[in-house]
Amino acid sequence: MQDGAASRCDPRLMERLRKKLVKKLEEEGIIRSDKVKRAMLKVPRELFVPEQLCELAYEDTPLPIGFGQTISAPHMVALMLEEAELDEGMKVLEVGTGSGYNAALIAEIVAPRGSKNPGHVYTIERIPELAERAKKNLERAGYSDRVTVIVGDGSKGYPPAAPYDRIIVTAAAPQVPEPLVHQLKPGGILLIPVGDRYSQTLYKVVKLPDGKIKMKKVTPCIFVPLIGEYGWREDEAIYV
Ligand code: SAM
């Protein structure tokens, strides 16, 4: 870390700001469970944002991470974690690794350190340079044993590790990609923003034990586009 960043982003200051943000998200009713609260208190977001932006790590806002992409705002991350109803031992696919922050939070819930029944997180990113950086971030933060980073088109899911208990998509699709529904276990939950380029809705897709699908609208949202075979074509996508 450069000298300036080291003093602006002192770990004790970061911890104070992290606690303050978590308290705010709890008061706003976004964080509702102990497990999401514990994970958000544990994972240092400053290790996942560009070094020159570390002092903004606990602002409730998306931040640029390069290549036209963003680390999502903490309130959206927390809301998705709550809606995902994650539990220890689950196998989770995240589509859109970005910085690796959300993957670390998921790992903190499904595979906490010392768990007798650890789950695992597979996270897939289409931009190789971001995947590489996310791997380093996850290693630095102590999650590389619980998170596997893959480079590829996550709109097709990741068949080698399917089926999944949960699939969390952090980029917006024009419709729900069929392969993702297919790769979900019966009883599983898929969270995905769907809509056009300017306005989207976060959907919770539940695969019932008999294989039927139930879809619920969670909240309006704005994400960067999911680009791929079952997402947008690269030339159709604009970056928000
Ligand atoms: N979850 C991330 C985090 O914690 O930093 C934020 C994700 S960012 C909002 C969306 C990411 O999805 C971008 O890094 C983008 O490159 C990636 N993406 C877009 N289309 C994709 C695809 N088909 N497969 C995998 N990743 C994709």
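## Ground rules

Residue numbers start from 1 along each chain as its sequence is written, and side-chain values use heavy atoms, with hydrogens and water left out. Since this is a predicted model, local features need pLDDT of at least 70 and side-chain atom pairs count only at pLDDT 80 or more, while totals for chains, interfaces and linings use all residues.

## Arginine 166

Let's start in strand β6, residues 164–169, which is where arginine 166 sits (strands are DSSP runs of E, at least two residues, numbered from the N terminus). Arginine 166 is buried, at 8% relative accessible area (buried means under 20%, with a 1.4 Å probe and protein chains only).

What does the side chain of arginine 166 reach at 3.1 Å? That would be the backbone oxygen of glutamate 85. Beyond its neighbours within four places in sequence, arginine 166 has contacts that include Ala84, Glu85, Met90, Leu184 and Ile189 (contact means heavy atoms within 4.5 Å).

## The second largest cavity

Now for the second largest cavity, with a volume of about 30 Å³. A cavity here is a set of points, on a 1 Å grid over the protein atoms alone, where a 1.4 Å probe fits but cannot get out; lining residues have an atom within 4 Å of a point. The volume is the space filled by probe spheres set on the points, which are joined across faces, edges and corners.

Its lining includes Arg18, Leu21, Met40 and Tyr101. Helix α2, residues 11–27, gives the most to that lining, with 3 residues (helices are DSSP runs of H or I, at least four residues).

Conventions: Buried < 20%, exposed > 50% of the residue type's maximum accessible area, 1.4 Å probe, protein only. Polar contact = N/O pair within 3.5 Å; in protein donor to acceptor, adjacent residues only side chain to side chain. 1 Å grid on protein atoms, 1.4 Å probe; cavity = no way out; pocket = protein on both sides within 12 Å on 5 of 7 lines; lining within 4 Å.
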